[in-house]
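User: Got a model open here and I'd like to go through it with you. Can we start with the charged side chains and move on from there?

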Amino acid sequence: MSLALHSITGVLTSIPSPDVSYFDLGPVRIHFYALCIIAGIIVATLMTNHRLTKRGAEPWVVIDIAILAVPLAIIGARIFHVLTHPNFYFGEGKNTWNPFEPGSVWAIWEGGIAIFGALIGGAVGAYLGCRWTGIRFWTFADALAPGILLAQAMGRFGNWFNHELFGLPTDLPWGLEIESDNAAFPPGLAEGTLFHPTFLYEVIWNTLGVLFILWIGHRLRLQWGKQFAVYLIWYSAGRILWESIRIDPSEIILGLRSNVWAAILGVVVGIVIIIVQTRRHTGVEAGPYMPGRGRKDAGADVQSQNDLDDFVDVSEPPAEVTVGATATSTAPQSEASSR
């Protein structure tokens, strides 16, 4: 099946699924899904580094944070998937614990990760990484917000390569082709039935979200985790919609899929972050580092010092004056203090 969009006289009629989902490199099998995720992680890291550096952070300090955040995000993603799909891994005839046999809870290479679990695990890792490096957690979260959403958009192409996580049947001209012998193909439907390409909906939604976060973050000068809150609200609101039309197996809780509940919680958490941080912090962040911490590369240039759009206070604190002391020199008046 050609990867080109099927058409009749130039009119779009369907979106084909790719013919292959992996390739072999010697004895190693490389899945395109894994490549999509890795590419997303790299792009998110580059974007976050650029945004943190503009705020005054040491270049590539994001790597020190990612060393903890990425592994914990992967672990959290797997745990969340297993807990929300217990019938896949637990029960009679299931191989729950043996990693050398298919279907175990450890077999992440067989697929099965959840973004909401990744957010929880990644947040724990990022918090620990920020404590280690001295970066403010909310500064890092704001710098990460557009990058992680773009990474999620890139990762969704992996679902396309895997022919998975598609939506309800549709006769729309952009319906997704799924082979009838696919294990996820609903029984009773005719061969050639098209399905909503939920992967594509999320790609478009997340890409628009990246642009929105960049715009509103600059427009409203959002700090103290508010850009990350916008990310949570934007992504989760879209996920509620796309999750509602997906037909892959999922735990149903009070009539809703488990990931719908997780998305609703994501919207609520985002709103709470905005409300709480607005009340707690009325001024701008003093800089990307916690009090008493700073850059290790002393004397390095800070890119944001001459960029008023970054709204970072990088001025030196006022000198302490002892009553009765005699001044030995007179400091020249700076241009900033004369305004």
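User: E202 and R156: buried or exposed?
Analyst: E202 is buried, and so is R156. Buried means under 20% relative accessible area, exposed over 50%, and partly exposed in between, with a 1.4 Å probe and protein chains only. E202 has a relative accessibility of 3%. A word on the basis: this is a predicted model, where local features need pLDDT of at least 70, side-chain atom pairs count only at pLDDT 80 or more, and totals for chains, interfaces and linings use all residues. Residues are numbered from 1 along each chain as its sequence is written, and side-chain values use heavy atoms, with hydrogens and water left out.

User: What does E202 form with R156?
Analyst: A salt bridge, with the closest N and O atoms 3.1 Å apart. The term means a side-chain nitrogen of Lys or Arg within 4 Å of a carboxyl oxygen of Asp or Glu. E202 lies in helix α6 (residues 198-219) and R156 in helix α5, so the pair ties together parts 46 residues apart in sequence. Helices (H or I, at least four residues) and strands (E, at least two) are DSSP runs, numbered from the N terminus.

User: And which residue does R239 bridge to?
Analyst: E202 again, with the closest N and O atoms 3.9 Å apart. That pair links distant parts of the chain: R239 is in helix α7 (residues 226-245), E202 in helix α6, 37 residues apart. R239 is buried, at 5% relative accessible area.

User: Which residues are linked in the network of salt bridges?
Analyst: R156, E202, R239, E243, R246, D248 and R257. Within it, D248 bridges to R257, with the closest N and O atoms 3.2 Å apart. D248 and R257 are both buried.

User: How many salt bridges in the whole structure?
Analyst: A search finds 9.

User: Back to α5. How many residues does it have, and how far does it reach?
Analyst: Helix α5 (residues 137-161) has 25 residues and reaches 35 Å from its first C-alpha to its last. That is close to the 36 Å expected at 1.5 Å a residue. The expected span is 1.5 Å times one less than the number of residues.

User: Where does α5 bend?
Analyst: At L144, by about 40°. A proline, P146, follows within four residues. The bend is the angle between axes fitted to the seven residues ending at a position and the seven starting there.

User: Why call α5 largely enclosed?
Analyst: Because 20 of its 25 residues are buried.

User: What comes just after α5?
Analyst: H163, which takes a positive phi of about 55°. H163 is not a glycine. Most residues other than glycine have a negative phi. H163 sits in the loop between α5 and β5 (176-177). H163 is buried, at 13% relative accessible area.

User: What about the phi of L165?
Analyst: Near 55°, a positive value in a residue other than glycine. L165 is found in the loop between α5 and β5. L165 is partly exposed, at 22% relative accessible area.

User: New topic: aromatics. How many pairs?
Analyst: The structure holds 20 aromatic pairs. Rings of Phe, Tyr and Trp (its six-membered ring) pair if their centres lie within 6.5 Å; planes under 30 degrees apart count as stacked, over 60 as edge-to-face and the rest as tilted. F23 and F32 have ring centres 5.7 Å apart and planes at 50°, so that pair is tilted. F23 is partly exposed, at 33% relative accessible area. Y231 and Y235 have centres 6.2 Å apart and planes at 15°, so that pair is stacked.

User: Where do Y231 and Y235 lie?
Analyst: Both are in helix α7, 4 residues apart, about one turn of the helix. Y231 is buried at 0% relative accessibility. Y235 is buried at 2%.

User: Which residues do ring pairs link into a cluster?
Analyst: F23, F32, F157, W160, F161 and F199.

User: Last one. Which helix gives the largest share of the nonpolar patch?
Analyst: Helix α8 (residues 258-280), with 9 residues. The surface patch is about 1000 Å², and its residues include W261, L265 and I271. I271 is in α8 and counts as partly exposed, at 41% relative accessibility. Patches are made of residues with over 30% relative accessible area and no salt bridge: like charges are joined within 9 Å, nonpolar side chains (Val, Leu, Ile, Met, Phe, Trp, Tyr) within 5 Å. Areas come from the Shrake-Rupley method with a 1.4 Å probe; for residues, only the protein chains shown count as cover.
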